[in-house]
Amino acid sequence: SLFPELAELYMKNNLLSSLHPRICLPKLRTLVLSRNMFENLPTGMFSNDRFPRLEELYLDSMSVQIAIIDRNAFSNRALRNLSLMYNNIDFSLSPIHRDSFVGLPNLFFLQIGHNYVNNVTSQRFLALFGGLTSLRRLSVGVALANNVTREMFRPMKQLLELMFYDNQITSLPDGFVDDLHRLQYLYLGGNSFASITEKTFSEETLKRLRKVDLSGDQFQCDCDLLWFRNWLVREPHKLKSLYYTYDCKNLPGIHVQDFYLDPQACMLPRVAYLFIDVSLTLILATFTLITTLFRFRWHLRLLLYEAFRGRGDLRHRRLRKGRFQYDVFVSYAKPDLPWICKHLLPELEGRLRLKLCIHERNFIVGNDIVDNIVQSVQSSKKIMMIFSKSFIRSQWCQFELNYCLRYVMDFDDALLIVRLNDVPARDMTSAMIAVMKTTTYIEWEDYPGDAVASFWGRISQALQEVFFYSQKFTDNQIYPSEPPERDITEERNGHTLIVYSLSQLGLKKLKPRTDVCFIT
């Protein structure tokens, strides 16, 4: 050896990429090779034959990535301190031989932080470092570690200090350091676990630990963390951190040691809370669904009715075989009676000679109102609804609307809707809105001239079937299954004129004056 007495050698910040095979420094104790160009660390590079008394070896912050570490690269019985920090070494890859750290029976301190261990399994970790049974201190900070297991550290019985700070660990297994009977210092700050429970550390471990750093994690302050909160309050000196604080992620601005929950509120097990949460969620969802369906029940019923309605056979059969007392049942609010008397009755009863059911006039005195409504609807060929602001506010009108909707759907019919003036849609009930959206309605505007004439023309057109099946045209007749085809249809002065031939009507007995049947 050229330097047989050399004890310390500092060669950092150079361009070294390898060591000459004939180098021998028999008394060298400290070797610093940081910030050089080592990409490959071959077998025996730091063996006892070359460095028989080497105790400290620093290979930090290489200018290139250390990509290959061969078997027994560090094999040296004298080595006590080894640092490989800041080298971007991926310990999960095969070029890092699983026996790289074999032959280090007296290694006390290993630093492999600021590398990559995120893909290192528990078995791979044991293969690489499980032979370091004399290890006192292990530093794996800022290495993207995402899990730790109890088995990973079990062979390291002499471990005094364990550092896994600033990683991505999301949970700590129960008793994961309970096998390390000499462990006194544990640094796990800056990770991502949300809770620490009384099962994480045994009573013996809690007494043995002198310093624990669990700060800067994503603590969820709830019943599961109550035990840890009490520990933090009881021994703040042991859990004190110089870098982070203990904060509640779910309670911004609240420290873990400051949050409080009544122990009585945490007596139920977590499964019970989960069951209650799920049950309440289902109840709320069911209630919301039922409320929505109830609110839009007529929309849905009318849409289904329109989708599956027949061709009118039920309606025609009812009109053909039924015995009716009225031609049209009129549902209206009492404040709209002046419009009924001034406009509707003169036109339909006076000019068109139909018989209307008006509850002010035709309901039987002494009968129950509901019975009067049901009997009158069933005794009428057609149902007319007069929608108005007063209709919206009338509970009886809303009852009549709901009943009549069910009734006409049972017989494949439709309501005849008259909308008086401007009725705000925002004030309408859900049943009224559903009808307005699915049924063509006639709107009354109190304008003179053609607008009024057109209104009555459309009313007459909507009552064609009532005219056809009316008993006014003949004393004894056989009705066809459906209204016949029209020979002539034309508008005269705002009124609809419909002409049928005698043969189409199939009349059995005619009045002497009848040659052609005019239905207006």
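**Note on the predicted model: cysteines, strands and salt bridges**

1. C357 counts as buried, at 0% relative accessibility. Buried here means under 20% relative accessible area, exposed means over 50%, and partly exposed lies in between (1.4 Å probe, protein chains only). C404 is buried too, with a relative accessible area of 0%.

2. A word on the basis. This is a predicted model, in which local features need pLDDT of at least 70 and side-chain atom pairs count only at pLDDT 80 or more, while totals for chains, interfaces and linings use all residues. Residues are numbered from 1 along each chain as its sequence is written, and side-chain values use heavy atoms, with hydrogens and water left out.

3. Now the disulfide. The structure holds 1 disulfide, the term standing for a pair of cysteine sulfur atoms within 2.5 Å. C221 and C248 form it, with their sulfur atoms 1.9 Å apart. C221 lies in the loop between β11 (211-213) and α4 (226-234), and C248 lies in the loop between α5 (236-239) and α6 (270-295), so the link ties together parts that are 27 residues apart in sequence. The angle about the S-S bond is -80 degrees, and the link is left-handed. Both C221 and C248 are buried. A disulfide is a covalent bond between the sulfur atoms of two cysteines.

4. Look next at strand β14, residues 380-387. Helices (H or I, at least four residues) and strands (E, at least two) are DSSP runs, numbered from the N terminus. Strand β14 is mostly covered, with 8 of its 8 residues buried.

5. Which strands pair with β14? Two strands pair if DSSP finds at least two bridges between them. Strand β12 (residues 326-331) pairs with β14 in the parallel sense, over 5 bridges. Here F329 has I383 of β14 as its bridge partner. Strand β15 (residues 416-420) also runs parallel to β14, and 4 bridges join them. In this pairing, the bridge partner of F387 is R419 in β15.

6. Salt bridges come next. The whole structure has 12 of them, each a side-chain nitrogen of Lys or Arg within 4 Å of a carboxyl oxygen of Asp or Glu. One of them joins the side chains of R29 and E55, at 3.0 Å from N to O. This pair links distant parts of the chain, 26 residues apart. R29 sits in the loop between β1 (8-10) and β2 (30-32), and E55 in the loop between β3 (40-41) and β4 (56-58). R29 is partly exposed, at 36% relative accessibility. E55 is partly exposed as well, at 27%.

7. Another salt bridge joins D99 and R71, whose closest N and O atoms are 3.5 Å apart. Again the pair links distant parts of the chain, this time 28 residues apart. D99 is in the loop between β6 (81-83) and β7 (109-111), while R71 is in the loop between β5 (68-69) and β6. R71 counts as partly exposed, at 46%.

8. A salt bridge also forms within a helix. R208 and E204 both lie in helix α3 (residues 203-208), 4 residues apart, about one turn of the helix. Their closest N and O atoms are 3.9 Å apart. R208 counts as buried, at 15% relative accessibility. Elsewhere, salt bridges that share partners join R150, R154 and D179 into one network.
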